[in-house]
Amino acid sequence: MPRAGAAADRASINTPRRRHVDTSRREELLASIEDIFLAEGFTSVTVDDLTKRLRCSKATLYSVASTKEQLVIAATKHFFATEAEGIEAAVAEEPDPRLRITTYLAGVAKAMRRNSRAFYADMVAYRPTAEIYARNTDRAAARVQEMIAEGVESRRFRATDATFAAQLVALAIDAVQSGVLLERTGLSAADAFSELADLLLHGLLRNDSPHDQGRAR
């Protein structure tokens, strides 16, 4: 019969040792890991690669997350959370419903420029990160739907199916992110979202709005 505590001993052998680091150092490491993954993808990057490039021990690295898989998930969540925070801060400063949508889509385009094709391919192929991506795409669609509803309520936009328009934006986000839309049009991500905002807003504007009348002159 195994001696008492043998299972615990085996667990301690198989579990990576962690080193305690302060919050600022952890955030710095997580941001650096995020930059590497966004530029190169995460499938080809090993833990040894990360320790060498970040000049830290595995114990320090595992203070951020206990496994490579958890590092990938943490970095992906960090990317979406920090970008969303920045986008919302910019939107909050814009009172015009039209410009709130263009500001939001411009922010999404800027965030997407950080993503390499390698990262996107890895992200959608790995179930945990694919789910994170899907949740954030859904949130983007919901956020656009909210802004459309605000524009309708303020009578800057005509009454329309806000859900359809928001889902159209979500599909466009995915098409830009995957590169399909960019390959077929030759546009950059920023240009693609500028065109999307233009098409969306001109379809939403009321016929009697000052902006629309100005275009008709």
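A salt bridge here is a side-chain nitrogen of Lys or Arg within 4 Å of a carboxyl oxygen of Asp or Glu. The views below come from a predicted model, where local features need pLDDT of at least 70, side-chain atom pairs count only at pLDDT 80 or more, and totals for chains, interfaces and linings use all residues. Residues are numbered from 1 along each chain as its sequence is written, and side-chain values use heavy atoms, with hydrogens and water left out.

View 1. Let's start with R114, whose side chain meets that of E83 in a salt bridge (2.8 Å, N to O). This pair links distant parts of the chain, 31 residues apart: R114 sits in the loop between helix 6 and helix 7, while E83 belongs to helix 5 (residues 68–92). Helices are DSSP runs of H or I with at least four residues, numbered from the N terminus. R114 also pairs with D35, again through a salt bridge (2.9 Å, N to O). Is R114 buried, partly exposed or exposed? R114 is partly exposed, at 31% relative accessible area, and D35 is partly exposed as well, at 42%. (Buried means under 20% relative accessible area, exposed over 50%, and partly exposed in between, using a 1.4 Å probe and protein chains only.)

**View 2. R53 reaches E40.** Here the side chains of R53 and E40 form a salt bridge (2.4 Å, N to O). R53 lies in helix 3 (residues 47–54) and E40 in helix 2, so the pair ties together parts 13 residues apart in sequence. R53 counts as partly exposed at 43% relative accessibility, and E40 is partly exposed with 32%. Across the whole structure there are 11 salt bridges.

View 3. A nonpolar core is a set of buried Ala, Val, Leu, Ile, Met, Phe, Trp, Tyr and Cys residues joined through side-chain atoms within 4.5 Å. Which members of the 29-residue core touch the most others? They are I33, F37, L50, L54, L61 and L71. Helix 2, helix 3, helix 5, helix 7 and helix 8 (127–153) each supply at least two residues of this core, and helix 5 gives the most, with seven. Zoom in on L71 and, setting aside neighbours within four places in sequence, you'll find contacts (heavy atoms within 4.5 Å) with I33, F37, L50, L61, V64 and A65. Another core, of 27 residues, lies apart from this one and includes M147, A172, V176 and L182.

View 4. Helix 9 (residues 162–178) has 17 residues and reaches 24 Å from its first C-alpha to its last. That is close to the 24 Å expected at 1.5 Å a residue, where the expected span is 1.5 Å times one less than the number of residues. Among its buried residues are A162, A166, V169, I173 and V176. Next comes G179, whose phi is positive, near 95°.

**View 5. Around Y126.** You'll find Y126 in the loop between helix 7 and helix 8. Y126 is partly exposed, with a relative accessible area of 25%. What does Y126 touch, not counting residues up to four places away in sequence? Its contacts are F42, E69, V72 and I73. The C-alpha atoms of Y126 and T43 are separated by 9.4 Å, although the two residues are 83 apart along the chain.
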